[in-house]
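Work through these exercises with the model open beside you. Try each task before you read its solution.

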Amino acid sequence: MLIFTLRRISLFIFTMLILAMVSFSLSFLFPGKSVINLSGQINATPSQLITLNQNYQTDKSIISQFGSYLSHIASGDLGQSMASQSPIANEIAKLLPATIELSLVALFIAMSIGIPLGFIAAINHNKASDNAILSFAMVGYSIPVFWLGLLAILFFSIGLGWLPSAGQISLLFEIEYVTGIQFIDILLSDSPYKWQAFNDASAHIILPACVVSLAPATIFIRLSRASMIEVLATGYIRAARAKGLSSRQIIFRHAIRNALIKIVRHIGLQFANLVTIAMVTEVIFSWPGIGRWLIESIYQRDYTAIQSGLLVLSCFIFIVHILTDFIYAALNPLARGNKHGS
Amino acid sequence: MAREKIYQEEIFPSPFMQLWLIFRRTPVAMLGFTCFLFLIFFAIFAPLLAPYSPVEGHLDMILLPPAWHPDGNVSFLLGTDELGRDMLSRLMYGTSLTFGLSFIVVIISLVIGVIIGSLSALTKGFKSSFLNHFLDVVLSIPSLLLAIIIVAILGPGISNTVWAIVIVLIPQFIHITRYAVKEEFRKDYVLASRLDGASNFRILHYSVLPNIVERIMSQATLAQSTAILEIATLGFLGLGAQIPLPEWGAILANGLERFYIAPWTVYLPGLAILFAVVTTNLVGEGMRHALKLRKES
Amino acid sequence: MNLLDIRNLSIELETPTGRILAVDHVSLSMKEGEVRGLVGESGSGKSLLAQAIIGVLEDKWHVHADRFHWRGIDLLRLSIEERKALLCKDIAMIFQEPMSCLVPTTTIGAQLSEALDNKQFTGYFWQKTKQRKEAVIKLLHKVGIKKHDVCINSYPHQLTEAICQRVMIAIALAGQPILLIADEPTAAMESTNQGQIFRLLASLNQLKNMSILSISHDLENITHWTNTITVMYSGQFVEAGTTQQIFTKPMHPYTRALVDSSPQANLQIPVKSRLMTLPGSIPILKHLPIGCRLGPRCPRAQQACVIAPKVNNFHGHKVSCHFPLKKEPLRTEPSRKEALNKCDTEQVVSKEIF
């Protein structure tokens, strides 16, 4: 276990360095002076320029510049947004939890729909319901997410009027910002309309979460179907059948547990996929998350924001990967072997 | 003098022929394959087949609904957009942009990725481990995010989109080629070739590559469906094809402003994207299914 | 009364190119308290036959039989559920590679108590749990596992193969079966463990009068532990009889070849001479010969062998061959060279006729 932890930590540090290097090189690749890209102050007076140059050590070699960049990041200074001239770190701290909230709810929906459907498809292998579920999975995997979001808005918000189509919560409710995750904030606030706020927030999150969860749900269907088919073909299921257990008992007592073990690892890996899809969905549903902010920065050519946003998002995704690997290895001693590639 | 065959000879087809025979027997896969060929045909011959030009507008026929709607006009089969451009022609030209470019992107990244991957599979030791970790890192960044960043650096435009997606797909091909080549190298027939004195390159070219071609093909179909979706997404976000190019995602973004009064400008490009991706996925699934059946029989 | 009476059982496999007859009209019968061995090479369909009896084959296998009686009850008339209910209670099966036949994520104790019948416990919930635990410990003692505490709380991958096989036998015994089918139970073990398992099975047979159908590919090993033997080849019935008859006076050329290839029969061969085997190998499912499937390899094959032979009964010794070896006693020392010569002359004779 110790060696596994050390290897994972070394991989983590290595990856962070590479991500930082990529992000650092972006400041040179973007048009404009690199120091302005790093700091974000586009209207710098000459004296401010001199202080900036000293801060980021632009007169010394590349390695020391990289070193100063790392020290800036470590101290939490990600520069200023060129568009809004406010510190990026604060903006990201406000927006990242909203994206996490959306992704978590979408992951939960994807798991609760995808995994049981995959199991049902595997149990009725090669019959009509199996083919139907597989066709549904294929179509769900192929739909462009932005089109699905637009159709969902058209159908549910405008056509049927059941669900709102933009934002995280109705503007009438004034919920204080504590963690950024709306549901926790509602529970922590002492507004008299807590229950209505909760309902409203749920109504706001359902549509975007469902749109985001469709593609990962189809991947889960495929994964759980393959895993269950593999488990049902093993010797111990055959022996259990010979023991006299009914199909139902076998499935619920043994097959599901063994099949789930194989999928758990992939759940964490799907998170990265999910976050990317969430980015595009946030644009459509005007969800105040980091994806929408990043894309708007790209439109506005806000290079500092793009740089820092990329760094934060990639770090976040990689941390989730490593955590999932870690938790999985902690639970299952057989998985601590050598692994390369995802 | 003609002689009849007295003994019934069994025909033993080559593995590729076996794959094709099994593939041909699955009706759904053949349907996907025909639609795929259909799309390629459209992508190449769109300028000849489209009734109107995709960029000229007919200012007297703005926002016509499709022909089956009572207000529609049969000479504009799928309606027009806000500048009077015929939707059908735009979609046809868009095939060569979204679908055709995705095909080219996959072929370029396949060639580069397979070459780099198979060469890197020959390395051992520190270089190999370093490459492993590097690939791990690159593969863990989601492809769309990486593509968006590269486009942000290079600037918007369809040629930059193509390069961005090529750069994003290459690591996937490198990874799968490396993995497959390493797996084949552990097998006995490679050992036999090596004992015969074959050099690494010869083993690679003569023995290993023909055996991994199918896995690479199946990855290529997956990569193509990803590429189509990414070109469309980047077009939708305004980072890909710029106006007035009739790329499907861009057409969709264009129609977004008048979504409520002219919904067909949003439905039709989305349907086109869905059709292209489903076709590619059907071909890929059919190939994987045939591979599985061939292994079992 | 026969415990199990099967007549002309056939198992067909559905393939894209048609149906293949994997097991071709095999008959089997067992009495109470009998230990029968079912011998054949891998690919002879013996495991298929066992799985067809207990009913765990998948949907792609189709099973037909002329007669399938269990303790006098005609099973072909019952529906599949009734058949399964009846058979699962009275027949138990243990498999090869016991570790992979135990669920890897549950403890041994949980798997054992799952196999116990709920009706034999009385009383309230906590009393039932206690009784269950005691029954599990008793079962483990019955198969010879003394350290039941360690065993009950461990997972299958923490135990050795031999202990796992004992656990499997314990699970099989939990339902108090009348017939135990042992499908190559010792294939994955060393010979000391093999001996232990077989001794356990023999003691169970003597103490509880439990019949055992022991499937194996090793003829010599099985002759120590069985009363009667049935030999199969490539899905067809070859020979059946008491162990003494089969081993000392095999009538079918295949059984003869099996007996000849065992190490004991070859003790007197001169140094550096060839071992006695049949040429060729067992045919694959796609290319099965018509008629008697041993035809292409048999040293006594003639034109009549393209028709499947009927079963001839010589005083309880059943053979399925057109030209059985009737008058040759085996197992006398110089007889091997004579047997070789005889084989040659027979081959020469058959070739002339042909």
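**Exercise 1. Describe the fold of chain B.**

Step 1: count the elements. Chain B has 10 helices and zero strands. Here helices (H or I, at least four residues) and strands (E, at least two) are DSSP runs, numbered from the N terminus.

Step 2: read along the sequence. The pattern is α-α-α-α-α-α-α-α-α-α.

Step 3: take the dimensions. Along the principal axes, the C-alpha atoms of chain B fill a box of roughly 75 × 65 × 30 Å.

Step 4: find the buried share. Of the 297 residues in chain B, 43% are buried. A residue is buried if 20 or more other C-beta atoms lie within 10 Å of its own, exposed if 12 or fewer, and partly exposed in between, with C-beta atoms placed from the backbone.

Before you go on, note the ground rules. This is a predicted model, where local features need pLDDT of at least 70, side-chain atom pairs count only at pLDDT 80 or more, and totals for chains, interfaces and linings use all residues. Residues are numbered from 1 along each chain as its sequence is written, while chains are lettered from A and ligands numbered from 1 in the order in which they are written.

**Exercise 2. Work out which chains touch, and through what.**

Step 1: compare the pairs. Two pairs of chains are in contact, and chains A and B share the most contacts. Two residues are in contact if their C-beta atoms, placed from the backbone, lie within 7 Å. No contact joins chain B and chain C. Their closest C-alpha atoms lie 9 Å apart.

Step 2: take A and B. Here 35 residues of chain B are in contact with 35 residues of chain A. On the chain B side, H10(B) gives the most, with eight residues. That side divides into 24 nonpolar, nine polar and two charged residues. The classes are these: Ala, Val, Leu, Ile, Met, Phe, Trp, Tyr, Cys and Pro count as nonpolar, Asp, Glu, Lys and Arg as charged, and the others, Gly among them, as polar.

Step 3: take A and C. Here 12 residues of chain A are in contact with 15 residues of chain C. H10(A) gives the largest share of the chain A side, seven residues. By class, that side has three nonpolar, five polar and four charged residues.

**Exercise 3. Judge the confidence in chain A.**

Step 1: start with the average. Chain A averages a pLDDT of 80, and 91% of the residues score at least 70. pLDDT is the predictor's confidence in each residue, from 0 to 100.

Step 2: Helix H2 of chain A has the lowest mean, 70, and helix H6 of chain A the highest, 90.

Step 3: inspect residues 337–342 of chain A. Their pLDDT is below 50. Where pLDDT is low, the predicted coordinates should not be read in detail.
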